[in-house]
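Morning, everyone. Please have the structure open.

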Amino acid sequence: MEARKLALSRIVLRIAALLFACIVLGNLANDTVFQDNVPYVGKACALVYLSDLDDYTAAPCEFGLACGAIALLIAVISTILDYISDVQGIASTLSRLSYITSLIASVVMAILWVAAFAYMTKEYVNVTDQLSFESYTNEMKSRIGAILAFSFLSIPVWIAVAVLSGISLNSSGASA
């Protein structure tokens, strides 16, 4: 593959990762749930509404928020670095450094999204075992679905970015 096409493919994938991170982050950060027209703030975290349970924990939500924020920052910074290094053209040493950091960051993000998806899904299943699913409002169900779906879809996107970064690193090493 041509270096420019690889760079543009990585940029497009990072924009998708950025969009997915925004969706997950937005749904997790929207922390107000209305039940019987009464707002409950601070306990929902969109993933679970556990006010009836004694063992409420916001840890899955906080981990998802952290992953979303880190993914957002890495996607923005990496997209800018890719644009500068490949589209604008800089020295090959800086390009190789950009590919290496992109590869490492993408692998780390894929691992974090796997952990976040597994953790949030496990907590969601534990809660639905204790509460009836009918107690969730339609808004809560759709937000939970979006969180789990887009956290899962982030995994192959970051893996693809890592693969393309590895290919770019390999091709830059062959041409050097």
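Start with Tyr119. Its relative accessibility is 32%, so Tyr119 counts as partly exposed. Keep in mind that this is a predicted model.

Now, how many aromatic pairs does a search of the whole structure find? Three. I'll go through two of them.

Take Phe20 and Phe150. Their ring centres sit 5.2 Å apart. The planes are at 50°, so this pair is tilted. Where are the two residues? Phe20 lies in helix 1, residues 3–29. Phe150 lies in helix 4, residues 138–175. The pair therefore ties together parts that are 130 residues apart in sequence.

Buried or exposed: what is Phe20? Buried, at 14% relative accessibility, because the cut-off for buried is under 20%. Phe150 has a relative accessible area of 23%, so Phe150 is partly exposed.

Back to Tyr119, which forms an aromatic pair with Phe63. Centre to centre, that is 6.2 Å. The angle between the planes is 70°, and the pair is edge-to-face. Phe63 is in helix 2, and Tyr119 is in helix 3, residues 92–130. They are 56 residues apart, so this pair too links distant parts of the chain. Phe63 is partly exposed, with a relative accessible area of 27%.

Last item, the surface. Leu73, Val76, Ile77, Ile80, Leu81, Tyr83 and Ile84 make a nonpolar patch of about 630 Å². Tyr83 is found in helix 2, residues 59–87. At 41% relative accessibility, Tyr83 counts as partly exposed.

Conventions
Residues are numbered from 1 along each chain as its sequence is written. This is a predicted model: local features need pLDDT of at least 70, side-chain atom pairs count only at pLDDT 80 or more; totals for chains, interfaces and linings use all residues. Side-chain values use heavy atoms; hydrogens and water are left out. Patches are made of residues with over 30% relative accessible area and no salt bridge: like charges are joined within 9 Å, nonpolar side chains (Val, Leu, Ile, Met, Phe, Trp, Tyr) within 5 Å. Accessible areas come from the Shrake-Rupley method with a 1.4 Å probe; for residues, only the protein chains shown count as cover. A salt bridge is a side-chain nitrogen of Lys or Arg within 4 Å of a carboxyl oxygen of Asp or Glu. Helices (H or I, at least four residues) and strands (E, at least two) are DSSP runs, numbered from the N terminus. Buried means under 20% relative accessible area, exposed over 50%, partly exposed in between (1.4 Å probe, protein chains only). Rings of Phe, Tyr and Trp (its six-membered ring) pair if their centres lie within 6.5 Å; planes under 30 degrees apart count as stacked, over 60 as edge-to-face and the rest as tilted.
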